[in-house]
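Keep the structure open while you read.

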Amino acid sequence: MNAGGPMSRGVDEDVPNVARIYDYFLGGSDNSAADRAAAAKIAQTTPEVVERVRENRDFLGRAVEFLAALGIRQFLDIGTGLPTRQSVHQVARRVVPAAHVAYVDYDPAVVGHARALLAGDPDAVAIEADMREPALILRRVTEQGFINLDQPVAILMLAVLHFVPDTAQAAQIVAAFREQMAPGSYLAISHATAGTMSSDSLAQAKQVYASSSAGSITLRPPDEIEAFFDGLELEKPGIVPVAYWRPRPRGPELAVTDVVQFAGSPPPTAVPPATYGPAFLAGVAGRPANPQ
Ligand SMILES: C[S@@+](CC[C@H](N)C(=O)[O-])C[C@H]1O[C@@H](n2cnc3c(N)ncnc32)[C@H](O)[C@@H]1O
């Protein structure tokens with residue numbers, strides 16, 4: 001398998017970098033002029049991208065809280081991104097203080113940031129690796145003792161699978177991780193979809209990502225995203241645009257007890273699929289625990 005992308009990653013400021021473009025959309029400052037120009041080109045025809053990216057990062061927070069509230073103590077975050085907003089270990093540990101978190105990204109700059117953030121933290125690790133090598137990733141996280149695959153684990157693949165152009169390859173990658181999930185484990189995925197996006201806007205976005213560190217972006221229809229969860233049981237509300245996945249009631253920040261309560265509450269109203277434009281679709285699915 002090819003462990004590298006078509007262009008230099010992380011260090012070349014002249015090549016728009018997908019982690020830094022995302023950082024810019026989130027309001028971060030870890031981006032170069034090339035990243036900002038690339039982001040502006042996308043936003044020109046798809047202005048809602050800024051809101052969608054922020055919703056995606058908020059989904060990360062709600063999904064991790066949900067999973068921690070279910071008792072998950074190990075998290076494997078693949079395609080970590082820059083720590084512009086709260087990272088997985090910060091969110092998880094509000095619920096499970098001893099949560100183990102392994103971060104994986106193929107961008108050395110992203111991994112550098114994660115390591116700086118995690119310095120002195122014995123229960124978290126950042127690994128530079130390509131998700132197209134699942135066996136290598138699983139070996140490294142288990143060898144280091146951070147993740148025990150005999151115990152429930154949450155595997156997060158948020159806003160990363162659309163950087164694999166071949167759908168069969170993306171499905172194989174997810175399957176390789178899914179197959180190693182013990183009963184009681186969960187898989188969370190968010191993935192770009194075109195929805196009602198115009199063909200011009202789609203072409204513009206694809207062109208920008210073609211010259212980025214990732215080399216491409218492949219927006220997939222809902223059925224292809226749903227297939228990534230094959231063999232698992234989707235939690236309610238199923239696969240929906242990220243903003244509709246167990247949204248919080250508006251109001252002051254919730255306490256952990258509220259989060260636990262909310263995790264068990266009925267799902268919010270679903271959105272009719274025909275009405276969303278470019279979106280991140282997301283779902284969280286589990287492998288049922290063995291009966292006692
Ligand atoms: C858009 S960011 C998403 C960050 C975070 N997961 C989130 O949803 O907020 C995508 C990240 O995936 C990483 N990435 C892309 N392709 C990858 C691959 N083949 N292996 C590992 N990481 C990859 C990029 O370097 C980037 O940091």
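Predicted model: local features only at pLDDT ≥ 70, side-chain atom pairs only at ≥ 80, totals over all residues.

The chain has 10 helices and 8 strands. Buried residues account for 46% of its 292 residues.

**Overall fold**
- Consider contacts between residues at least 6 apart in sequence: 77% of them join residues at least 24 apart.
- Secondary structure comes to 8 strands and 10 helices.

**Helix pair α3 and α4**
- Two numbers describe a pair of packed helices: the angle between the axes and the distance between them.
- For α3 and α4 (residues 88-95), the angle is about 35° and the axes are 8 Å apart.
- The crossing of these two helices is right-handed.
- On the α3 side, the contact is made by G61, V64, E65, A68 and A69.
- On the α4 side, V88, V91, A92 and V95 take part.
- The contact of α3 with α4 has 7 nonpolar residues, 1 polar and 1 charged.

**Strand pair β2 and β3**
- Strand β2 (residues 100-105) pairs with β3 in the parallel sense.
- The pairing runs over 5 bridges.
- A102 stands opposite V125 of β3.
- Is β3 (residues 124-128) largely enclosed or open? It is largely enclosed by the rest of the structure, because 4 of its 5 residues are buried.
- In a regular strand, side chains alternate between the two faces of the sheet.

- D130 is located in the loop between β3 and α6 (134-143).
- Is D130 buried or partly exposed? It is partly exposed, because 19 other C-beta atoms lie within 10 Å, and burial requires 20 or more.
- D130 and D107 are 23 residues apart along the chain, and their C-alpha atoms are separated by 8.6 Å.

**Backbone details**
- Where is the cis peptide bond that has an omega of about 10°? It joins K236 and P237.
- P237 sits in the loop between β6 (233-234) and β7 (240-241).
- A159 is not a glycine, yet it has a positive phi of about 50°.
- The loop between β4 (154-158) and α7 (167-178) contains A159.
- A159 is buried, because 23 other C-beta atoms lie within 10 Å.
- R246 is not a glycine either, and its phi is positive at about 45°.
- R246 belongs to the loop between β7 and α10 (256-263).
- Why does R246 count as buried? The reason is its 21 C-beta neighbours inside 10 Å.

Definitions and conventions:
Residues numbered from 1 in each chain as written. Axes fitted to C-alpha atoms, helices over the stretch in contact; angles between N-to-C directions. Left-handed = near helix turned anticlockwise from the far one by under 90°. Contact = placed C-beta atoms within 7 Å. Nonpolar A, V, L, I, M, F, W, Y, C, P; charged D, E, K, R; others polar. Buried ≥ 20, exposed ≤ 12 C-beta atoms within 10 Å, placed from the backbone. Pairing = 2+ DSSP bridges.
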